[in-house]
Structures are given as structure tokens and as C-alpha cells.
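Here's a quick briefing to read with the model open beside you. Take a look at the structure, then come back for the details.

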Amino acid sequence: MKAIQSKSGKTTARSSRSWRYRIIPYLYVLPLVIISGAFIYYCMGFTIAMSFTDWDGISMDASFIGLKNYTKLLTPGSIFFQALLNNLIFLVVTVVVQAALGLLLAVILKERMPGSNLFKAFFFMPVTMAAVIIAAVFRGVLDPNLGGFNQVLADIGLGGLAHSWFGDPKTALLTICVVNIFQWTGFSMIIYYAGLMSIPQEVYEAAKIDGAGFWKTLFYVTLPMLRGTTNVLIVLGIVGSLKTFDIVMQTTGGGPGRATEFLNTYLYKVGIQQYEGGLSSAIGVLVLIIAILMSLGQMWLSNREK
Amino acid sequence: MKRKLSTTIIMYIVLFIFLILWLIPIAIAFMKSLNINGFGNYLWVITNPDINYGRAVFNSAFISIATAVIVILLTSLAGYAFSKMKFVGSNVLYFMLLACLAVPGAAVMMPEFFTMKTFGLTNTYTGLIIPMVAFNALQMLLLWRNYMDGIPNEIIEAARVDGCSTFRIYWGILMPLSLPMIATTGVLTFVYSWNDYLTPLLMLRDKNLYPITLVATSFMDGRNHTEEMMAEMYAALILMMIPSVIVYLISQKWLQEGMTSGSVKS
């Protein structure tokens with residue numbers, strides 16, 4: 001009897017212990033799941049729900065208005081399409097230029113000439129700085145009256161080019177691209193550098209045996225092997241473009257007119273400044289849809305390559 | 001691979017052209033910051049109560065350090081659980097969390113602001129730290145899980161045989177083994193939070209709580225009227241860049257590793 005009791009007692013102890021063991025993992029992930037997961041999913045659900053209403057963004061009342069917000073955004077010639085186009089131009093220009101310049105720098109730095117680590121550290125530094133502060137410096141330097149850049153142009157005999165870089169609708173968007181390129185070229189450089197380092201030395205040995213010189217090796221061996229790296233940069237460029245807000249707010253605020261309106265600046269203005277929370281949420285939903293399609297596309301691409 | 005002398009020279013020329021292009025805006029800003037009053041402009045910025053430089057640096061530092069510490073704790077715990085423990089639904093949960101990486105924070109700014117306002121957390125540090133933790137934690141979770149996957153299971157088994165509790169294993173064994181990961185995720189979160197502009201823009205009206213990014217923008221407006229104002233503005237911007245440069249110089253290695261590790265793998 002005693003033996004049975006002690007045996008059963010032991011079993012209970014073990015099962016309660018294993019019950020505790022089973023709950024521990026959940027306790028470990030719970031704080032993150034609540035603060036990060038639940039918060040973000042709640043925000044997404046809230047955005048989707050509010051996009052079908054005339055919510056003002058600050059009060060508790062909102063009434064259902066169906067797809068009105070979406071039809072307003074998706075009429076041809078709407079500000080939304082203008083902003084989408086600006087995002088797209090920005091995406092293409094910045095990704096292409098940053099990749100080209102970053103690759104050029106990486107190829108040179110990989111030769112490990114004296115001083116190359118200093119150059120690498122210097123070009124990467126803007127990546128770690130605040131976009132608004134870099135944008136503020138550009139906004140100051142490119143100020144048409146007292147900024148200094150137009151003065152420099154005049155000094156080197158290019159005074160004819162001087163004008164209001166952020167104020168002219170023809171150059172405003174490209175100037176914003178320049179600020180982004182200034183900040184992010186170092187990032188492309190580092191990624192390509194890592195990609196170059198992962199190419200096995202034997203490949204170069206083989207090229208050498210085949211009699212390929214420096215330039216031939218570069219164009220026929222190195223560049224084709226970096227295709228995966230380039231794909232990564234394109235994906236990150238798309239994500240970055242959908243996040244772009246700081247530089248635009250700081251330099252042009254979306255103007256002149258709507259010449260540099262981005263999806264996020266439009267969303268911010270409509271929701272926070274014009275108290276049209278419903279419409280703003282609809283923009284948010286469309287941005288989310290684009291973002292999700294992009295990441296599904298990326299997954300599809302990377303699966304296909306395997 | 002043979003490299004001719006001419007190629008080496010061309011490479012240095014290209015590097016120096018880049019260097020000059022990248023230095024132009026910084027050089028103009030620095031030279032102009034010394035206009036009229038010389039380094040007096042810097043003194044003016046530091047002592048100006050409207051800018052409140054010291055307070056802005058403190059606000060940025062406090063918010064960023066708090067965010068980084070919380071993110072390290074949350075993501076190391078969760079990374080440990082996802083990597084080393086078997087539990088029902090772990091894969092689904094992990095996938096659902098990582099799916100949030102695709103969400104651009106700006107797209108959900110309306111509910112973010114509204115929720116914090118409802119809980120009375122606008123104009124508080126907490127109201128800034130919660131969204132910053134939420135959006136930074138996912139990338140760090142990815143890094144932590146990969147790192148924990150690389151720690152051999154035998155270490156944990158041995159500790160369990162010796163009678164260590166799960167938490168003792170985490171705190172006493174895994175965390176001391178994870179110092180490089182603590183540094184990488186800590187520095188990354190710190191820098192991302194320091195540079196965040198949208199979250200404080202949404203949450204703060206009280207100028208006493210403004211971090212550097214908000215001071216930089218609110219200070220810019222209407223500053224382009226006289227040479228002296230421009231000089232002071234440049235001095236302010238350079239002073240605002242200095243903390244970032246210091247952090248970069250100290251933590252360069254971890255920043256480069258952290259920012260590239262996620263992207264090169266995929």
C-alpha cells in the first residue's frame with residue numbers, strides 16, 4: 001500500500017513537473033508575442049477595419065462607408081497614383097545607382113590596397129546616421145540663397161546650373177534620390193563586399209589558369225556570381241522605398257505641389273494633419289498589400305533559385 | 001590575380017573622387033558653421049535654451065538605451081525558446097512573428113498613435129519605447145534564433161543533467177556565451193531607435209521630451225534668412241551628428257555585421 005502510494009505520488013510529481021516544463025517555452029516567448037506580435041497584428045487589423053469608415057483619426061466614432069475611401073484613392077489621376085509613381089521612380093533610381101556605385105567601391109576595396117579599411121569605414125558611416133539629420137544638412141547646403149552649394153558651383157564655373165534644387169518640381173524628386181544615395185551607397189558596398197568575400201578562391205585560381213586578366217575575371221567571373229547579392233539589394237530597396245518618409249518630410253514635405261509626394265507622406269498628411277483617419281487607413285492597407293505581395297514575390301524567387 | 005600599376009592608380013583615383021563627392025556637403029556645412037562668430041556658433045547652440053542640446057541628447061540616449069535593453073531581453077528569451085525547446089505551435093508562432101517584418105511601420109501609424117493616445121501614453125517615454133520595441137524586436141529575434149541554433153545542444157543537456165533550471169541555463173550559460181550577439185542586437189537597436197523620426201513625431205508634443213531627430217527638424221524651419229542664422233543651424237546639425245559618429249566609431253564592427261548578416265544569408 002505504502003509502496004503504491006509513494007509510486008503514485010512520484011508520478012504526480014513528475015507529471016506536474018512535466019506540465020511546468022511544457023508551459024515554460026510559452027512563458028519565454030509571451031512577452032515578445034504580446035509587445036511585438038499582438039501589437040503589430042492589432043495595428044494591422046485596426047487599419048483594415050478603419051479603412052472602410054469615415055473615422056477622423058482622433059475620436060471614437062466612425063461610421064461604415066463601404067469602399068468609398070478606396071474608390072477615391074484608386075481613381076485614375078489621383079494623388080495616390082502620383083505618390084505611387086514617385087515611390088516607383090525613387091525605387092528604380094536609388095536601387096540602380098546605389099548598386100552600381102556600391103559594387104564599384106566593393107570591387108576596389110576587395111583588392112585590400114593600403115587604406116582601404118579607412119575608406120570602407122568612411123563610406124559606411126552615413127548608413128548609421130539619422131536620415132532626418134543628413135536630409136537637414138542637404139536642405140541647408142542646397143538652400144538657393146545662403147546654402148553654399150550654388151556658390152561652389154559658381155566658383156568652379158558651373159554657375160549656370162545653380163537653382164533651387166528642392167524647390168523646382170523638375171529636380172526635387174531626383175535631389176531626394178541623391179540624399180538617399182548619399183546615405184545608402186555604403187550599405188550596398190558592404191553587402192557586395194561580403195558577397196565578393198564569399199566567392200571561393202578556387203574560382204579565381206581557375207580563371208587565372210585559364211589566362212583571364214583582371215578585367216576579364218571581373219566581368220566573366222565576379223559579376224555573374226554576385227547575382228544573388230543584387231537580388232537581395234533589390235528586395236531591400238523595395239522595402240526601403242515603402243518606408244521612405246524622413247528624408248521627404250525634412251526636405252520638401254512632399255512639394256512643390258505634389259511633385260515629391262510619397263505614399264507615407266501622403267498617408268501622414270491625410271491622417272494626422274487633415275483628420276481623415278479612414279482615408280489614411282485605406283492608404284495604409286494599400287501599402288500593406290504592396291509590401292506583402294513584394295515579400296511573397298521574394299519568397300517565390302528565392303525558392304525558385306534553390 | 002595580377003594587378004597592373006595603372007589599375008592600382010585608377011582605383012585610388014576612383015576612391016578619391018568618391019571621397020570628395022561625399023565630403024562636399026559635410027565640408028560646406030562645417031565651413032559655413034564657422035561663419036561670422038567662428039566656434040562661438042557652437043557655444044550659442046549648446047547654451048541655447050530653445051534647442052536644449054543636452055536635454056535632447058539625454059532624451060535620445062535614454063529612449064534608445066531603454067529600447068535596446070528591453071529588445072535584448074525579449075528577443076534572447078524568445079530566441080532561446082524557439083531554438084532549443086519543443087512546443088506545440090512554435091513554428092506557426094515564429095512564422096507569424098517574422099511575417100511582421102514585412103510590415104512597414106509607417107503604414108500603421110494611425111492605430112499606433114491612436115492606441116498610445118487612448119492609453120494616455122502620448123508625451124511619455126513609454127509611449128515611444130513600446131512601438132520602438134515592437135518594430136525593432138523582429139529583426140533581432142531572427143538574429144537571436146540563428147545564433148542560438150549555432151550553440152550545441154550538448155551544452156544544454158549537460159547543464160540539465162547537472163540539475164540546472166531552464167532559467168539558470170538561459171541566464172547562467174547561454175547569455176555569457178552570447179556576448180557578441182548582445183553587442184550586435186544592442187547596438188543595432190540603439191542606432192535604429194536613436195535615428196527614429198516618425199515615432200517621436202507622432203507621439204510627442206512636449207518639447208522637453210524631444211529627441212535629437214525632432215529637435216533637428218523643428219529647429220530647421222525659418223532658419224535660412226541671414227548668414228548668422230545659417231551658421232548657427234549648421235553648428236547645431238554638426239553637434240547633432242557627433243553622438244552618432246562616436247557610437248559608430250566605437251561599434252563599427254558590430255554594426256556592419258548586424259546590418260549585413262540578415263541580408264547575405266537569404
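Predicted model: local features only at pLDDT ≥ 70, side-chain atom pairs only at ≥ 80, totals over all residues.

**Chain B overall**
- Along the principal axes, the C-alpha atoms of chain B fill a box of roughly 70 × 65 × 35 Å.
- Of the 266 residues in chain B, 45% are buried.
- If you take the contacts in chain B between residues at least 6 apart in sequence, 83% of them link residues at least 24 apart.

**Where chain B meets chain A**
- On the chain B side, 71 residues are in contact with 80 residues of chain A.
- The elements of chain B that give two or more residues to this side include α1 (5-33), α3 (53-84), α6 (125-149) and α12 (227-265).
- Top contributor is α12(B), which gives 16 residues to the side that touches chain A.
- By residue type, that side of chain B splits into 52 nonpolar, 14 polar and five charged.

**A helix pair in chain A**
- Helix α3 (residues 79-109) and helix α10 (residues 227-243) of chain A pack at an angle of about 145°, and their axes are 9 Å apart.
- The crossing of α3(A) and α10(A) is right-handed.
- From α3(A), the contact uses A:Asn87, A:Phe90, A:Leu91, A:Thr94, A:Val95 and A:Ala99.
- From α10(A), the partners are A:Thr230, A:Leu233, A:Ile234, A:Gly237, A:Ile238 and A:Ser241.
- Sort the residues of this α3(A)–α10(A) contact by type and you get seven nonpolar, five polar and no charged.

**Two residues with positive phi**
- A:Tyr275 isn't a glycine, yet it has a positive phi of about 55°.
- You'll find A:Tyr275 in the loop between α12 (263-273) and α13 (277-305) of chain A.
- A:Tyr275 counts as partly exposed because it has 15 C-beta neighbours inside 10 Å.
- B:Ile36 is another residue other than glycine with a positive phi, here near 65°.
- B:Ile36 sits in the loop between α1 and α2 (40-47) of chain B.
- With 14 C-beta neighbours inside 10 Å, B:Ile36 also counts as partly exposed.

Note on methods. Residues numbered from 1 in each chain as written. Chains lettered and ligands numbered in written order. Buried ≥ 20, exposed ≤ 12 C-beta atoms within 10 Å, placed from the backbone. Contact = placed C-beta atoms within 7 Å. Axes fitted to C-alpha atoms, helices over the stretch in contact; angles between N-to-C directions. Helix = DSSP H or I, 4+ residues; strand = E, 2+ residues; numbered from the N terminus. Left-handed = near helix turned anticlockwise from the far one by under 90°. Nonpolar A, V, L, I, M, F, W, Y, C, P; charged D, E, K, R; others polar.
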